[in-house]
Amino acid sequence: MIIQTEAIVIRSTKYSDSDCILTLFTRKMGKLGVYSKNARLMKSPLMSGSQIFAYSNVTINTRDGKYRLSNADLISNFYKIAGSVEKTYLGYYMLELVEKLSMEGQSNIRLFQLLADSLYELEKNDNIILLKTVFELKLLDYSGFRPNASRCIVCGDSSSLGNYFAPQEGGRVCISCMGQVNIKYRYDSTTFRLIEYIQNNHISRVLEAKISRQIIEELSGLLDYYIKFHLSEIRLKTREYLILD
């Protein structure tokens with residue numbers, strides 16, 4: 001069987017002096033572990049498409065349930081990301097989040113497009129904290145962890161919403177239900193409007209908007225709590241190295 005699809009290298013592991021094992025996030029089949037023969041050799045036609053961040057049109061051969069990379073036509077290597085330590089760390093963080101939240105062999109086209117779009121934006125956009133925040137919020141949405149900012153997470157009412165967010169329950173809490181949740185944090189109402197704006201618009205449009213640094217930082221903090229509760233079983237090594245100045 002031959003698979004042809006777009007793919008982004010989200011992990012590369014040395015297998016031998018000349019070969020490596022790639023973790024690809026593909027448009028058609030989600031996350032795949034793929035053997036890339038001779039990809040570590042300078043003259044190999046697979047070398048450029050086997051580097052971390054590489055975005056390519058790939059051809060994968062399958063046999064006995066194993067995948068082998070036979071061709072990779074590079075679309076972009078996002079080389080400009082490497083020119084900034086802050087962007088490099090954020091890029092690795094994006095890759096790790098996608099790897100940890102995606103299932104082997106299960107397609108998630110919206111998540112694939114989000115990763116590709118985010119890497120393009122990371123090359124040219126210097127608003128690191130906003131890009132991180134937008135990426136996290138959309139990734140949570142596309143992975144089944146969408147935070148609810150428009151209705152009370154307890155009763156579903158939208159008419160008497162307060163400015164409290166209960167990360168463990170997964171969303172905003174109305175005034176009547178505040179006593180029913182143990183852990184809640186108060187935020188500016190603009191922060192909740194920003195959540196909805198990000199959820200309903202493409203990443204490029206959000207990054208063009210003029211948004212208060214204070215509100216961005218507040219939403220980033222909200223997401224830190226949210227991720228802590230809902231992704232507590234996932235250890236994100238790259239998160240410790242993020243630089244968000």
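Arg-27 and Glu-6 form a salt bridge in this predicted model, and their closest N and O atoms are 3.5 Å apart. The pair links distant parts of the chain, since Arg-27 lies in the loop between β2 (20–26) and β3 (30–36), while Glu-6 belongs to strand β1, 21 residues apart. Side chains of opposite charge can pair when their charged atoms come close. Across the whole structure, a search finds 10 salt bridges.

**Helix α3 and helix α1**

- The axes of α1 and helix α3 (residues 128–142) come within 11 Å and cross at roughly 5 degrees.
- Angles under 35 degrees count as roughly parallel, and α1 and α3 are therefore roughly parallel to each other.
- On the α1 side, the contact is made by Lys-87, Leu-90, Tyr-93, Met-94, Leu-97, Val-98 and Leu-101.
- On the α3 side, these residues meet Ile-128, Leu-131, Lys-132, Phe-135, Glu-136 and Leu-139.
- The residues of this contact comprise 10 nonpolar, no polar and three charged.

**Helix α3 and helix α2**

- Helix α2 (residues 109–124) packs with α3 at an angle of about 175 degrees, and their axes are 10 Å apart.
- Angles over 145 degrees count as roughly antiparallel, so α2 is roughly antiparallel to α3.
- From α2, the contact includes Arg-110, Leu-111, Leu-114, Leu-115, Ser-118, Glu-121 and Leu-122.
- From α3, the partners are Ile-128, Leu-131, Phe-135, Lys-138, Leu-139, Asp-141 and Tyr-142.
- By class, the contact of α2 with α3 has nine nonpolar, one polar and four charged residues.

**The largest pocket**

- The largest pocket holds about 210 Å³ of space.
- Its lining consists of Ile-10, Arg-11, Ile-52, Tyr-92, Leu-95, Glu-96, Glu-99, Lys-100, Lys-237 and Thr-238.
- At least two lining residues come from each of β1 (2–14) and α1 (85–101).
- Helix α1 gives the largest share of the lining, five residues.
- Sorted by class, the lining of the largest pocket has four nonpolar, one polar and five charged residues.

**The second largest pocket**

- The volume of the second largest pocket is about 180 Å³.
- Of the 13 residues that line the second largest pocket, the closest to its centre are Gln-51, Ile-52, Phe-53, Asn-77 and Tyr-79.
- The lining of the second largest pocket has nine nonpolar, four polar and no charged residues, whereas that of the largest pocket has five charged residues.

Key:
Residues numbered from 1 in each chain as written. Predicted model: local features only at pLDDT ≥ 70, side-chain atom pairs only at ≥ 80, totals over all residues. Heavy atoms only, no water. 1 Å grid on protein atoms, 1.4 Å probe; cavity = no way out; pocket = protein on both sides within 12 Å on 5 of 7 lines; lining within 4 Å. Points joined across faces, edges and corners; volume = space filled by probe spheres on them. Helix = DSSP H or I, 4+ residues; strand = E, 2+ residues; numbered from the N terminus. Nonpolar A, V, L, I, M, F, W, Y, C, P; charged D, E, K, R; others polar. Axes fitted to C-alpha atoms, helices over the stretch in contact; angles between N-to-C directions. Parallel < 35°, antiparallel > 145°, perpendicular 65-115°, else oblique. Contact = heavy atoms within 4.5 Å. Salt bridge = Lys/Arg side-chain N within 4 Å of Asp/Glu carboxyl O.
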